[in-house]
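Please view the sequence and the model first.

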Amino acid sequence: MEKVTHKKFRHELKYIISNAELQLLKVRIKNLMFPDKNTDNLGVYTIRSLYFDDYDNRCMRENEDGTDPREKFRIRIYNHSTEQIRLECKRKERGKTFKTSCPLTVEQTKFLMAGKTVPLIAEQPPLLQKFTCEMLTRKLRPVVIVEYERIPFVYKNGNVRVTLDTNVASSKAIDSFLDEKIPKRPIMPLGHSLLEVKYDEYLPDFIYRNLQLRSLTQTAFSKYYLCRKYTL
């Protein structure tokens, strides 16, 4: 799910939408794009991410200030399962994003959840080496969990992903990150969700036209930032 295997920066646009707009877009998009192959029979999967920041809250401040370039690290699981755990680094530069990732074991994840570095082993993935260095030099530690349900659509030309993210919630129960259920609180205004549009060089015109809504409100803030803001 959403694994990046080559270095390519992508456009990423985010919009706050009402639930009525979400239903309208779902009807429009499902006839133009394909559902992500990893969704369930309802076309949905759950994403849970554990984000890291330093003691000066640098990642949060850089997001708020629009610092360019900037990076943040997270651990991500899908559908509350530990079968696929990934460490990811998301970099934003010149208005585009680039994501690198590597797999983690449950044991490694528990070390990182506790704010401890993973013991060094031979042939450790470069991303994990970089993250270990950041933990040692910047004192990165886990700060917040972000969870939401995603309705994803894909289109090959332009490598387009249109995602509708609902029930966005935050949690400080870091010790419970790998549990099936965790205490959490919603962070979006009542009756609102997030639309994200991601693509490489171009967005096909027929998709662009069908995404047009008169009241679309673009936002520069990430789900991470919103969850930090409302849990600090």
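Q: What percentage of the 232 residues in the chain is buried?
A: The model is a predicted one. A residue counts as buried when its relative accessible area is under 20%. Of the 232 residues in the chain, the share that is buried is 51%.

Q: What radius of gyration does the chain have, and which value would a compact globule have?
A: The C-alpha trace spans about 50 × 40 × 35 Å along its principal axes. For a compact globule with 232 residues, a radius of gyration near 17 Å would apply. The chain agrees with this, because its own value is 17 Å.

Q: How many helices and how many strands are in the chain?
A: Contacts can be sorted by how far apart the partners lie in sequence. Of the contacts in the chain between residues at least 6 apart, 71% join residues at least 24 apart. The elements of the chain are six helices and eleven strands.

Q: Which element gives the largest share of the largest nonpolar core?
A: This core has 23 residues, and those touching the most other members are L50, I75, L87, L112, F131 and F177. Two or more residues come from each of β3 (45–53), β4 (70–78), β5 (81–93), α3 (106–113) and α4 (126–138). The largest share is four residues, and the element that gives it is α4.

Q: Which residues does L50 touch, not counting those up to four places away in sequence?
A: L50 is one of the residues that touch the most other members of the largest nonpolar core. Beyond the places excluded, the residues that L50 touches are F73, R74, I75, M113, P142, V144, I145, I174 and F177.

Q: Is I16 buried, exposed or partly exposed?
A: I16 belongs to strand β1, residues 10–18. Its relative accessible area is 26%. Buried requires under 20% and exposed over 50%, so I16 is partly exposed.

Definitions and conventions
Residues are numbered from 1 along each chain as its sequence is written. This is a predicted model: local features need pLDDT of at least 70, side-chain atom pairs count only at pLDDT 80 or more; totals for chains, interfaces and linings use all residues. Side-chain values use heavy atoms; hydrogens and water are left out. The radius of gyration is taken over C-alpha atoms; the globule rule is 2.2 Å times the number of residues to the power 0.38. Buried means under 20% relative accessible area, exposed over 50%, partly exposed in between (1.4 Å probe, protein chains only). Contact means heavy atoms within 4.5 Å. A nonpolar core is a set of buried Ala, Val, Leu, Ile, Met, Phe, Trp, Tyr and Cys residues joined through side-chain atoms within 4.5 Å.
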